[in-house]
Amino acid sequence: MRFGIAVFPGTWSDGDCARAVEVLGHQSVRLWHRDGDLQGSDCVILPGGFAYGDHLRTGAVARFAPLMDSVQEFAAAGGLVLGICNGFQILCEAHLLPGALTRNASLEFRCETTWLRVETVDTPFTRDCERDGVLAIPVSHGEGRFVADPSTLDRLEAEHRVAFRYVARDGSAVGEASPNGSMRDIAGIVSEGRNVLGMMPHPERAAEPLLGSDDGMHIFRSVVEAVAKRTAFTVAP
Amino acid sequence: MRYTAEVVISLKPVVNDPQGLTVRAGLHQLGFAEVSEVRVGKHISMEVDGDSESSVRRRVADMCEKLLRNPVIEDYRIELRPSVDLSPTPTAPPA
């Protein structure tokens with residue numbers, strides 16, 4: 001299958017995402033922000049970085065890139081979109097996901113391993129994971145504190161759309177140790193149609209044992225399985 | 001007619017503002033004990049052409065809704081005044 005990896009001016013994780021895809025033995029293609037052509041991608045990845053310098057707000061300008069019009073259509077047709085870090089911020093600004101990502105509560109840029117509890121395996125991005133399993137995946141961001149109004153948060157929980165939550169290494173509640181102070185320790189969520197995932201941690205940086213963890217591969221492997229089985233969603237042409 | 005539009009973007013009252021809390025702690029440390037609440041926001045200044053103050057205000061509000069603020073976390077306030085031309089007055093060339 002083919003992963004399309006978006007490249008905006010300031011994107012920095014496209015190479016790592018391409019490598020993760022390559023490790024799995026699949027093909028990747030870079031999608032330039034000025035082009036609207038998704039080049040037959042089965043899944044579009046919006047990787048980490050600082051698209052358009054994160055001017056005004058993270059993701060605020062990237063949302064208007066010609067590529068994003070195609071991503072909007074692709075997502076509306078059920079196509080799989082994975083937003084990582086800056087990609088998650090862009091997806092929120094583009095209203096493909098609810099909520100917003102704001103300055104870390106610590107005001108620090110945090111670059112460290114975090115532990116994520118898998119809250120649902122009923123998504124194309126987590127089907128290869130174990131429910132309540134804990135994944136070691138690093139974060140690298142200054143603005144990752146997920147916020148939304150209480151009714152939106154309640155709805156996300158009720159619809160089982162919280163994909164990952166920051167936890168302690170043993171899977172217990174993280175409390176003050178959360179890397180960014182996200183509401184309800186939310187690290188990743190899926191869209192109403194479950195075909196769009198946004199997450200602050202970087203699965204592509206946990207892609208091989210050499211990197212300290214290959215837990216991130218569960219996410220890429222899930223996408224490959226989901227596309228292969230074409231279950232529970234329709235892939236856009 | 002040209003107007004100067006000042007847009008002030010602030011975090012909604014319900015959104016926690018760690019920057020504001022840090023600034024407040026700094027002010028307290030400097031002896032400004034009278035400060036109880038600090039919110040940090042953004043200030044955007046623009047020169048905008050339009051027929052009337054009300055039409056410019058509508059356009060700037062539209063800009064806020066579409067780009068300048070994130071409705072999930074931010075509020076905005078617009079201040080308008082007729083623009084003052086600050087470019088240097090041309091001087092007569094030497095005879």
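The model is a predicted one, in which local features need pLDDT of at least 70, side-chain atom pairs count only at pLDDT 80 or more, and totals for chains, interfaces and linings use all residues. Residues are numbered from 1 along each chain as its sequence is written, while chains are lettered from A and ligands numbered from 1 in the order in which they are written.

The C-alpha trace of chain A spans about 45 × 40 × 35 Å along its principal axes. Of its 237 residues, 56% count as buried, a residue being buried if 20 or more other C-beta atoms lie within 10 Å of its own, exposed if 12 or fewer, and partly exposed in between, with C-beta atoms placed from the backbone. Among the contacts in chain A with a separation of 6 or more, 76% are accounted for by residues 24 or more positions apart; two residues are in contact if their C-beta atoms, placed from the backbone, lie within 7 Å. Chain A holds 5 helices and 11 strands. Helices (H or I, at least four residues) and strands (E, at least two) are DSSP runs, numbered from the N terminus.

Strand β1 (residues 2-7) of chain A pairs with β3(A) in the parallel sense over 3 bridges, and G4(A) stands opposite V44(A). Strand β4 (residues 80-84) of chain A runs parallel to β3(A) and is joined to it by 4 bridges, with C43(A) opposite L80(A). Between β3(A) and β4(A) the chain passes through helix α2 (residues 66-76) of chain A, in a β-α-β crossover that is right-handed; that is, with the strands pointing away from the viewer, the path from the first strand over the helix to the second runs clockwise.

Helix α3 (residues 86-93) of chain A is mostly covered, with 8 of its 8 residues buried. These buried residues pack against β3, β4, β5 (100-102) and β11 of chain A. After α3(A) comes H95(A), with a positive phi near 60 degrees.

Strand β10 (residues 186-190) of chain A is largely enclosed by the rest of the structure, because 5 of its 5 residues are buried. Strand β9 (residues 162-167) of chain A pairs with β10(A) in the antiparallel sense over 3 bridges, V162(A) standing opposite I189(A). Strand β11 (residues 196-199) of chain A is likewise antiparallel to β10(A), and 3 bridges join them; L197(A) is the bridge partner of V190(A). The hairpin of β10(A) and β11(A) has 5 residues between the strands, and R194(A) there takes a positive phi near 65 degrees.

Chain B contains 2 helices and 3 strands, which run β-α-β-α-β from the N terminus on. Its radius of gyration is 19 Å, whereas a compact globule of 95 residues would have one near 12 Å. The C-alpha atoms of chain B fill a box of roughly 60 × 35 × 20 Å along the principal axes, and buried residues make up 13% of the chain.

At the interface, 8 residues of chain B are in contact with 11 residues of chain A. On the chain B side, the largest share, 3 residues, comes from helix α1 (residues 18-29) of chain B. That side divides into 5 nonpolar, 3 polar and no charged residues; Ala, Val, Leu, Ile, Met, Phe, Trp, Tyr, Cys and Pro count as nonpolar, Asp, Glu, Lys and Arg as charged, and the others, Gly among them, as polar.

Terms used: Pairing = 2+ DSSP bridges. Rg over C-alpha atoms; globule rule 2.2 N^0.38 Å.
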